[in-house]
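Please look at the sequence and the model before reading on.

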Amino acid sequence: MNQRLQRLADQIQRELAVLIRDEVNDPRLTGFVTISSVKVSPDLGYADIYVTIMEPELNDSMTKSSHEQSLKVLANAAGFLRTELSHRLKTRTTPRLRFHYDEVTARGNYMMDLINQAVAKSDEDNITDMDHDINDELGANQANSTGSDSISSSQDLANQPNK
């Protein structure tokens with residue numbers, strides 16, 4: 001993508017973020033919409049907008065199927081957003097907007113969750129192993145101290161004069 005298209009894509013991204021936040025008041029759009037990237041076709045006919053939708057409740061719903069309704073809302077608002085965008089941009093034509101769910105970001109978030117779970121499990125295992133090691137050492141020390149006490153007691157008895 002050449003520099004002119006990249007500048008236009010960046011400007012579309014900024015303006016759409018504001019428009020979606022302030023102007024789209026559809027109750028079916030439940031989450032926080034983040035525009036990950038915008039790709040403008042070389043002929044300025046289309047702009048592919050990649051979005052992620054962060055739901056208010058945190059769960060494993062970072063999948064395309066769980067956000068299809070939000071994508072439909074954005075697709076239905078595309079004409080309105082294009083009109084508003086044309087008022088803000090200083091270009092002769094405004095590209096048609098096509099919204100896509102950004103699976104790369106969702107997949108990255110999923111992988112980070114898996115890594116965090118693995119690290120937490122590893123930390124739990126290390127703590128459990130350390131507890132077992134400490135208990136083993138304490139048990140061995142108690143056995144050694146009990147054995148040495150009996151040895152020293154028998155040596156003391158042997159060294160004492162008979163009465």
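## About the model

The structure is a predicted model, in which local features need pLDDT of at least 70 and side-chain atom pairs count only at pLDDT 80 or more, while totals for chains, interfaces and linings use all residues. Residues are numbered from 1 along each chain as its sequence is written, and side-chain values use heavy atoms, with hydrogens and water left out.

Helices (H or I, at least four residues) and strands (E, at least two) are DSSP runs, numbered from the N terminus. A residue is called buried when its relative accessible area is under 20%, exposed when it is over 50%, and partly exposed in between (1.4 Å probe, protein chains only).

Helix H3 spans residues 78-88, and its buried residues are Ala78, Leu81 and Leu85. These cover an arc of only 60 degrees around the axis, so they are on the same side of H3; the arc is that of the directions from the helix axis to the C-beta atoms. An α-helix has 3.6 residues a turn, so residues three or four places apart point the same way. The cover over the buried residues of H3 includes helix H1 (3-23), helix H2 (68-76) and strand S3 (96-101).

In H2 the buried residues are Ser70, Leu71, Val73 and Leu74. Seen down the axis, they fall within an arc of 155 degrees, so they line one face of H2. The face turned away from this buried side carries the exposed residues Lys72 and Asn76. H1, S1, strand S2 (46-54), H3 and S3 are among what covers the buried residues of H2.

## The second largest pocket

On a 1 Å grid over the protein atoms alone, a pocket is an open set of points with protein on both sides within 12 Å along at least five of seven lines, and lining residues have an atom within 4 Å of a point. The second largest pocket holds about 240 Å³ of space, where a volume is the space filled by probe spheres set on the points, joined across faces, edges and corners.

Which element supplies the largest share of the lining of this pocket? H1 does, with five residues. H1 and strand S1 (32-40) each supply at least two residues of the lining. Among the lining residues are Gln13, Ala17, Arg21, Phe32 and Ile35.

## Salt bridges

A salt bridge is a side-chain nitrogen of Lys or Arg within 4 Å of a carboxyl oxygen of Asp or Glu. By this rule there are four salt bridges. One of them joins aspartate 22 and arginine 21, with the closest N and O atoms 3.0 Å apart. Aspartate 22 is partly exposed, at 40% relative accessibility, and arginine 21 is exposed, at 58%. Another salt bridge joins aspartate 26 to arginine 28, with the closest N and O atoms 2.8 Å apart.

Arginine 98 and aspartate 48 also form a salt bridge (2.8 Å, N to O). Arginine 98 is in strand S3 and aspartate 48 in strand S2, so the pair ties together parts that are 50 residues apart in sequence. Arginine 98 is partly exposed, with a relative accessible area of 36%, whereas aspartate 48 is buried, at 15%.

## Threonine 52

Contact means heavy atoms within 4.5 Å. Leaving aside neighbours within four places in sequence, threonine 52 is in contact with Phe32, Val33, Thr34, Ser36, Tyr101, Asp102 and Thr105.

Note on methods
1 Å grid on protein atoms, 1.4 Å probe; cavity = no way out; pocket = protein on both sides within 12 Å on 5 of 7 lines; lining within 4 Å.
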